[in-house]
Structures are given as structure tokens and as C-alpha cells.
Amino acid sequence: GSTLQAAAAESGRYFGTAIAASRLNDGTYSSIANREFNMITAENEMKMDATEPQRGQFNFSSGDQIVSWARQNGKKVRGHALAWHSQQPGWMQNMSGSALRQAMLDHVTQVATHYRGQVYAWDVVNEAFADGSSGARRDSNLQRTGNDWIEAAFRAARAADPNAKLCYNDYNTDNWSHAKTQAVYSMVRDFKSRGVPIDCVGFQAHFNSGNPVPSNYHTTLQNFAALGVDVQITELDIEGSGTSQAQQYQGVVQACLSEARCTGITVWGVRDTDSWRASGTPLLFDGSGNKKAAYTSVLNAL
Ligand code: XIL
């Protein structure tokens, strides 16, 4: 294939990008996005603060803009994210207990219902585990509603959109030997054993010099897949430049391609200047939209 999406399709996989609705009228941006990618994630537009700015008052305008762009251009959509400790609307940030639990479940139900049938996979719960060596859940207002909040969110999502794949999504879960990876693995194993509806695990894959692509990445993907879930690289970016960056991107693609249940890869933005990592150059296209060495290396590895 001569594009990322065509090359990924040769092995039955997708290649995606995060899209910001506000950039879709930039012709360079939208033409690269349309040419190279066949899976779209809304970078911010489907998050809790965007979709439910006031309790019970939903605003799907920006999310719908992205979904309709995707549909017009024949692309699938990853939904991101139904429940998260971050980017909550102000009214939710100060809630607690059973009232917060109900507000979270209502949110999951309403958003998944609005997009029913239009989303390939939802990140139902994002970033629920703590960093470091504790292997614990992250402290958050949602966690303080009870340890079963994650499975409650998954059950609500399944009821609202039975055909969407339901994913747990997190970062720093790439290295098999890290406590955080093991903790997420244990949760997924428990969910599968008890019939909690979970179909996939997303690996954000935000890499930098302090958090490099692990050499055991394939082992991680393989072990999760062996639990009976699909795995996906959901927010890939790698700080750096030149050959070293290109080689790390190649390593991620190879890890995914060597696992049959790794169904696709999404990069977290189009050009370096579109990245949330404001000062870095972590993506596949430079600020002018030119293909970088990392792009060629990904294309060749697919
Ligand atoms: C980031 C967006 O890229 C930024 O525009 C926003 O200001 C903050 O969130 N993990 C996630 C994503 O799951 O939703 C985050 O996206 C990056 C880290």
C-alpha cells in the first residue's frame, strides 16, 4: 500500500488518527487525514466535559461534526472516552458517592445511546490505574464511589450500544514487567472470568526518552490478547526525531503486527504542530505536512 490505511488493510488492520474538529477546515490537515487514515478518534470532542457541560444537558455538536466527517469519507470511529477522572465538567468534579455514580452511569448511557451504531469501539473507561509500583487504582472521585465503578460503566455501555466493542484504555501499560500493566491485566482477567462485558484493551502509547517503547511490547500485547480481548494502539506518539524516532515507531508497528488480535494503530494527531505535546515533534508529518522518516518507517513496517 502507498498510504498508511492501505498498508494496514493488507493485514486486515486499520490505521487511525486523532482529529480535532477545529482543524477540519485546514485543507492540508484534512487532506492528509483523509488520504492516510481510516479510523478516527475525536481528540477532545466526545469527552465528558464536551458532551455534558451541564448535568443532563448534552452537547454533541463537535462530536457529531467529527462523526459526520468520518462517515462522509468512509472512515470508522473510535469513541473516546465515556468515563474518566480527567476533563470532567465542573458540575461533576465536585460530586461524590451514589449521586456521582448515577451521574456517571447516566452519562455513559446517554452518550453511548446518541452514537449507537456509529462507533467501532468505545474507550469506556480511561486511565483508572495509578502510576508507579503500587499496582493500585488511581484515586479519583469515580474510584471513591466504589471499586466496581469500572464494571458498572462497562455494563451500562453494553446496554446502550450492544454492537460497539468496549475497551479499557490506559498509558504506561506497555511494558509487561510494570506493576501498572500487571494490575490492568488482572482486572481484565477478572472481568473475562466473571462475564463483565469487555472486548478490547487500548494502549495509549505516549512514548518519550523517560518512557521508551519497551522491548517486551509484543509479550504484553500477546498476554492481553490471550485473555480473549482485542488489543489496539490508541494514542501513539513518540518524542524525538530522525532515525531513532523512526526505529521506535517501527518497533511499535512490529509489536502490533506480530499479534493477530492487535486490530489497529492510531496516532495522536496528524502533524507535529497538531500534537498535544506542544514543544515536541512526536508525529509522522512535520508542521508543513511533509512525511517524516518515522512515516516511511511505519509504512514499510506495515
Ligand atoms: C489530550 C488532548 O490531546 C489535548 O488536546 C487535551 O488538552 C488533553 O487531552 N490521554 C488521553 C487523551 O486519553 O484523551 C489525552 O488527550 C492525552 C492523554
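User: Leaving aside its neighbours within four places in sequence, which residues is Glu-235 in contact with?

Analyst: In this predicted model, Glu-235 is in contact with His-80, Asn-169, Phe-203, Gln-204, Ala-205, His-206, Thr-266 and Trp-268, once those neighbours are set aside. Glu-235 itself is found in strand E8, residues 230-238.

User: Is Glu-235 buried or exposed?

Analyst: The figure to read is the relative accessible area, and the cut-off for buried is under 20%. Glu-235 has 5%, so it counts as buried.

User: What does UniProt list for Glu-235?

Analyst: The UniProt entry, which is unreviewed, lists Glu-235 under "active site". That label comes from the record; the geometry around the ligand is a separate matter, computed from the model.

User: How many residues surround the ligand, and which are the closest?

Analyst: The ligand has 13 residues around it, and the closest are Glu-43, Lys-47, His-80, Asn-126 and Glu-235. Then look at the polar atoms. One polar side-chain atom of Glu-235 is 2.8 Å from an oxygen atom of the ligand. For His-80, a polar side-chain atom lies 2.7 Å from a ligand oxygen atom. Gln-204 has a side-chain N or O atom 3.1 Å from a nitrogen atom of the ligand. His-80 and Gln-204 are also among the residues in contact with Glu-235.

User: How should I read side chains along a strand such as E8?

Analyst: Side chains in a regular strand alternate between the two faces of the sheet. In E8, take Thr-234 as a second case.

User: Which side chain does Thr-234 join through a polar contact?

Analyst: The partner is Asn-169, and the polar contact between the two side chains is 2.7 Å. Beyond four places in sequence, Thr-234 is in contact with Arg-78, Asn-169, Gly-202, Phe-203, Gln-204, Thr-266 and Trp-268. Its relative accessibility is 1%, which means that Thr-234 counts as buried.

User: Where does Thr-41 lie, and which residues does it touch?

Analyst: Thr-41 belongs to strand E2, residues 39-42. Not counting residues up to four places away in sequence, it touches Thr-17, Ala-18, Ile-19, Arg-78, His-80, Thr-266 and Trp-268. Thr-41 is another buried residue, at 1% relative accessibility.

User: How is strand E4 joined to strand E3?

Analyst: Read the bridges and the direction. Five bridges join E3 (residues 76-84) to E4, and these strands run parallel. Gly-79 stands opposite Trp-122 of E4. Five bridges also join E4 to strand E5 (residues 165-170), again in parallel. There, Asp-123 faces Cys-167 of E5. Between E4 and E5 the chain passes through helix H7, residues 149-160, in a right-handed β-α-β crossover. E4 spans residues 121-126 and is mostly covered, with six of its six residues buried.

Technical notes
Residues are numbered from 1 along each chain as its sequence is written. This is a predicted model: local features need pLDDT of at least 70, side-chain atom pairs count only at pLDDT 80 or more; totals for chains, interfaces and linings use all residues. Side-chain values use heavy atoms; hydrogens and water are left out. Helices (H or I, at least four residues) and strands (E, at least two) are DSSP runs, numbered from the N terminus. Buried means under 20% relative accessible area, exposed over 50%, partly exposed in between (1.4 Å probe, protein chains only). Contact means heavy atoms within 4.5 Å. Two strands pair if DSSP finds at least two bridges between them. A crossover is right-handed if, with the strands pointing away from the viewer, the path from the first strand over the helix to the second runs clockwise. UniProt positions are given in the numbering used here, feature names are shortened, and annotations may be inferred rather than shown by experiment. A residue is near a molecule or strand if one of its heavy atoms lies within 4 Å of it. A polar contact is a pair of N or O atoms within 3.5 Å; within protein, one must be able to donate a hydrogen and the other to accept it, and residues adjacent in sequence count only if both atoms are side-chain atoms.
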